[in-house]
Amino acid sequence: MSVADGYALPLEEGALDLRVFEERAAEVQRLFAAGELERALRLLHTTLGAWQGQPLAGVPGPVAEAARTRLIERRLGLLETRFEAELHLGRHREILPELVSLSGEHPLRERLCELRMLALYRSGRQADAFSFFDATRHALKRELGVEPRPSLRELQARLLAADPTLAVSPANAGGAVGGIGDHSSKRAASAGTSATSESGRSPQSPPPRTGKTSKAAPSPAAAVPVEQLPAGLRAFTGRQAELDDLDELLSREDRAGTVVISGMAGVGKTTLAVHWARGVADHFPDGQLYVNLRGFDPTAAALEPSAAIRTLIDALGYPSQRVPSGLAAQTALFRSLLAGRRMLILLDNARDTEQVRPLLPAVPGCLTLVTSRNQLGGLIVSDAAQTLTLGILSTEEARAFLAQRLGPARVRAEPAAVEDVVLRCARLPLALAIVAARAAIRPAFPLSAIAAQIRDSQGSLDAFADVDPGSDVRAVFSWSYNVLPPLSARLFHLFALSPSPDMTPATAASLLGLPMRQTRMLLDELAAAHLLTEHAPTRFSCHDLLSSYAGELALEKETAGERESATRRLMDHYLHTTHNATHTLYPLQQEPVDLPDAQPGVVPEQFADELAANRWLEAERGALLAAAESGLEQGRAGHTWQLASQLTRFLDRHGYWSDQVVLQRTALKAAARAGSREGQALAHRALGFVMGRLGQIDEGRRHLSRAVELFHELDIPLGEARAHRLISFLANRIGEHGKALEHYDRAAALYRGVGDLSGEAYVYNEVGWTHILRGEFDDAITHCWRAVAIHQEVGDPSGEAGALDSLGWAHHHLKQYPQALDCFDQALVLYQPMGDRYLVAEALIHIGDTHVAAENPEKAAESWRAALSILEEFDHPDIAQVSAKLKQLDGA
């Protein structure tokens, strides 16, 4: 009907369901207030039973949504009132299933949580009640970033304290219904105390950090702040960066959370933690707790979490007879006791995450420091712990360490001896402390004598032995090793067999003879235990003293045959993977060599492209050189000369000429020892070439001549042909171009004799280069174009790029600069995907040279700077030449 400016819908009494709902809800509240619980519950069941589906379902818009939210909240409030009344009447078992279901639908609704906890408690399921509180607290913190409201925390404390007022009694059959957290005068009277203490808390809740407690109940914590930190080290020095990191954590507003200080045995984790904790103790006025969890202890088992938490609760002064049974309940009590306090907890020498997690306060205002030899990644992932990995001392810190303990004058008097001690202790604080103690009790001994004693131990740990196991490096390391699973332990001591200071997962897999995926997990386990360090992605290394310990274990735990097999697998891995890498880089330039079959368990790495192969060779260069050297020492001469032959071209291209000389001389000895004339020929040829690179022409020629003889006697035409080409290279370097062409003719004939088109193409290019040196540029262009055509035919982009580069030089000398730049640019495009950075730099240098000749100095400088940047990546000898070009250009 129309009313004024609008319309009205007249309804009979009871026709609008919302009005009926509100009227019945008001009547329920009146009945509860009058103490008529049964009548109120019957009406509640009728009222809630009439509720069907979503209110205003299908009605869009913000007004409808707001009304819908308000009505849903109203219904939940009535449900909570009904549950509270049922609890008041002792029907906790009957309503528990419905409470579990509803609280699962609304996990952040704290009043439902209180009701469910009380129902569980009264049903004899105290542990479930405490676990549910923890789950709710984590959910609130995770989703909303808040702690449970005071009434929920109060209920938790009362449950932990077994508050008798929470039990069902006949008196509950009548009277008004109050909220779970309501401090009504009736509840206070039944407890025999006032409703609130002077702190504003309930009598059963933990006291505030000021130490004030309720008059009626024993205090759950001592009035005097707890101060349990061990004594600090008076001689503490260094670690300023780590102390600054810890200070930064303390500067945050909440000053709460967990910090894991991890590191290898003997690195000083506890010393750092105690030193810093004592320095900031005044920031935690309610005290500092300390527990040695004995995670790595030779005299006793690791402390169980249940024993550790009882220690912490006892330290807080809580009556032992009131401590509940069960770890979950004890954890909940511990956290409740710390609520509202500012305390620092130091959990020292932890074994693993499971040992630590129940001991975390997880309340604002408390900071937990955890020290461990393990990384405790579970705390970082699930508990948002901060991590501080403690490494060895810097050289400067190690010197200061000795000066602090021995006196600055004694250290200043023998700087060379101090450096020797620091080096042989590998900057490990425990080792330095042992040596410093020996020197301190022998003040008349020079430090050089102490250093000599360490040196005489020849890399063993005997120099760091001590009657006290806690001060014996070998013993301290053993506590970490002894808790490793068998496969991880075996990988650790086999690690010592590697000639390289670091190792990749693929290399370790071959060493161990296991699949790489499994080996990667073992490496991660060793890194987590700080027995290895992942110092770069997928590269694991071992501290020098730990490596010595691993070597001792390898001799003790592995038979000679097992060590031999592991070392053979490692050498097979290096040899076959190097072959795969060089074949990927130089598929048409590598001469065939019969490699020994890899042992079972060896999985050589494969490479998708030239870039990947080049990166592997660059990363493993040190390891490969060390493997070749150790192969000769350990009776694997065949592996040594074959590995050297595979590395020859890579080392040459990247300018590692000094490494090449050392490697090939070792290979020459190895080949002679192995009785391999082919190996000797390859080593002579490589030595001859690198000597020519270094300007030692006569020695180079002697090696190359011997290589020609050996290859000819062995009937290896490809090897002989390349040796002739290298003789031509040396001849060109000293201007004997005619002699160079003679040897090129011999090389070409040998290639033609075996039908090697690629080899012929390389000769054409090198003959063209010789014509450039003779000033015969047209002849050079003819030969170089023939080389380009053949390289394109056989599919050799590296050879094609080299020939284009030579063509560019011929055009450059003919002052045909556009054509020259076009050739150089084509060569650059071909070189870039190969990953051979030197060839890229060489092309850039030539482009810069042509730009200078064409009077484009800016472009020349741009190309030369790009080339210089590449050469500096691997310290190539050509750096000086390019730097001089740039300097000359700047001065022009």
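Tutor: A crossing is left-handed if the near helix is turned anticlockwise from the far one by less than a right angle, and right-handed if clockwise. In this predicted model, helix H26 (residues 610-633) passes helix H27 (residues 637-653) in a left-handed crossing.

Student: Why are H26 and H27 called roughly antiparallel?

Tutor: Angles over 145 degrees count as roughly antiparallel. H26 and H27 pack at an angle of about 150°, with their axes 9 Å apart; the pair is therefore roughly antiparallel. On the H26 side the contact is made by residues including Leu617, Arg621, Leu624 and Ala628, and on the H27 side Thr640, Leu643, Leu647 and Phe650 are among them.

Student: What makes strand S6 largely enclosed by the rest of the structure?

Tutor: A residue is buried when its relative accessible area is under 20%. Seven of the seven residues of S6 (residues 344-350) are buried, so the strand is largely enclosed. Across the whole chain of 892 residues, buried residues make up 52%.

Student: Which strands pair with S6, and over how many bridges?

Tutor: Two strands pair if there are at least two bridges between them. Strand S5 (residues 287-292) pairs with S6 in the parallel sense over five bridges, and Gln288 has Leu344 of S6 as its bridge partner.

Student: What makes S3 and S8 the edge strands of their sheet?

Tutor: The six strands form an open sheet with parallel pairing, in the order S3-S5-S6-S7-S4-S8. Strand S3 (226-227) and strand S8 (386-389) each pair on one side only, and they are the edge strands.

Student: How is the three-stranded sheet arranged, and why do S9 and S10 each have one side left without a neighbour?

Tutor: Its order is S9-S11-S10, an open sheet with antiparallel pairing. Strand S9 (502-503) and strand S10 (533-536) stand at the edges with a single partner strand each, so one side of each has no neighbour in the sheet. S10 is joined to strand S11 (residues 539-541) by three bridges, and Thr533 finds its bridge partner in Ser541 of S11.

Student: Why is Arg373 called buried, and what does its side chain contact?

Tutor: Arg373 has a relative accessible area of 7%, which is under 20%, and the residue is therefore buried. Its place is in the loop between S7 and helix H14 (377-382). The side chain of Arg373 lies 2.6 Å from that of Ser480 in a polar contact, a distance within the 3.5 Å limit. Leaving aside neighbours within four places in sequence, Arg373 is in contact with residues including Gly263, Lys269, Phe296, Trp479 and His530.

Student: How do you know that Ser336 is buried, and where is it placed?

Tutor: Ser336 is placed in helix H12 (residues 327-338). Its relative accessible area is 9%, under the 20% limit, so Ser336 is buried. A polar atom of its side chain lies 2.9 Å from the backbone oxygen of Ala332. Ser336 and Ala157 are 179 residues apart in sequence, yet 6.2 Å apart in space, C-alpha to C-alpha.

Key. Residues numbered from 1 in each chain as written. Predicted model: local features only at pLDDT ≥ 70, side-chain atom pairs only at ≥ 80, totals over all residues. Heavy atoms only, no water. Helix = DSSP H or I, 4+ residues; strand = E, 2+ residues; numbered from the N terminus. Buried < 20%, exposed > 50% of the residue type's maximum accessible area, 1.4 Å probe, protein only. Polar contact = N/O pair within 3.5 Å; in protein donor to acceptor, adjacent residues only side chain to side chain. Axes fitted to C-alpha atoms, helices over the stretch in contact; angles between N-to-C directions. Parallel < 35°, antiparallel > 145°, perpendicular 65-115°, else oblique. Contact = heavy atoms within 4.5 Å.
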